[in-house]
Amino acid sequence: MKHSRTALLLLSAFAVALALAACGGGDDDTTSAAAESTATTPGGVQIGSGQEDGGAGGTNESKPESSAPTIVVKNGEPVGGIQKLEFDSGEQIRFKVSSDAAEEIHVHGYDIAKEVPAGGSVEFNFPAEIEGIFEAELEGLGVQIAELQVNP
């Protein structure tokens, strides 16, 4: 009886190990850091691209957020000057702001405001529903950092 329990436990352990091997093993397959690279346009806008683990199915797909332009703010000014971002009506307006100081970023016309922490970044993502030219600014300093143009 004692030998049959030992054999049953060994057989169960072997079955579990085999099942784990067939599923791909441990946590390394379920977690993946983004492989990201960035480029900067002549105007100072950083555009990132990368791929992250697609989750279920294990496919790698680029996420649209990774291609959002980043406006870098240093010493209360946008690096490279005021960034001009153009969108068509119905598209998603996407951009990031990275700042060395805490500040409120306000998009006029759309009346959207978000706080960016010192040394951090904040992402804007909203539908281009209002046509025209709009200012994004460091609200506390009154400094324009971007001009958003939404075309018909």
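Predicted model: local features only at pLDDT ≥ 70, side-chain atom pairs only at ≥ 80, totals over all residues.
Reader: How many helices and strands does the protein chain have, and how do they run from the N terminus on?

Author: The protein chain has 1 helix and 12 strands, and the order from the N terminus is α-β-β-β-β-β-β-β-β-β-β-β-β. Of its 152 residues, 28% count as buried, while the accessible surface comes to about 9,500 Å², with 55% of that belonging to carbon and sulfur atoms.

Reader: Why is V143 called buried?

Author: The relative accessible area of V143 is 17%, and buried means under 20%, so V143 is buried. V143 lies in strand β12 and, leaving aside neighbours within four places in sequence, is in contact with G76, E77, P78, A136, E137 and L138. As for P78, it is 65 residues from V143 in sequence, with 8.6 Å between the two C-alpha atoms.

Reader: What makes Q83 count as buried, and which backbone oxygen atoms does its side chain reach?

Author: Q83, placed in strand β6, has a relative accessibility of 4%; since the limit for buried is under 20%, Q83 counts as buried. Its side chain reaches the backbone oxygen of V79 at 3.3 Å, and a polar atom of that side chain lies 2.6 Å from the backbone oxygen of G81. Both distances, 3.3 Å and 2.6 Å, can be set against the polar-contact cut-off of within 3.5 Å.

Reader: How do you know that H106 is buried, and which side chains does its own side chain meet in polar contacts?

Author: For H106, in strand β8, the relative accessible area is 10%, and with buried defined as under 20% the conclusion is therefore that H106 is buried. The side chain of H106 makes a polar contact with the side chain of H108 at 3.3 Å and another with the side chain of E139 at 3.1 Å; the cut-off for such a pair of N or O atoms is within 3.5 Å. Not counting residues up to four places away in sequence, H106 touches D111, I112, A113, E135, A136, E137 and E139.

Reader: Why are β6 and β9 said to stand at the edges of the open sheet?

Author: The open sheet of 5 strands has the order β6-β12-β11-β8-β9, with mixed pairing. β6 and β9 (112-116) each have a single partner strand, so one side of each is left without a neighbour in the sheet. From one strand to the next, the twist averages 20°.

Reader: What makes β11 and β12 a pair?

Author: The pairing of two strands requires at least two bridges between them, and β11 and β12 have 7, in the antiparallel sense. E135 stands opposite E147 in β12.

Conventions. Residues numbered from 1 in each chain as written. Heavy atoms only, no water. Helix = DSSP H or I, 4+ residues; strand = E, 2+ residues; numbered from the N terminus. Buried < 20%, exposed > 50% of the residue type's maximum accessible area, 1.4 Å probe, protein only. Contact = heavy atoms within 4.5 Å. Polar contact = N/O pair within 3.5 Å; in protein donor to acceptor, adjacent residues only side chain to side chain. Areas by Shrake-Rupley, 256 points an atom, 1.4 Å probe, with all protein chains shown as cover. Axes fitted to C-alpha atoms, helices over the stretch in contact; angles between N-to-C directions.
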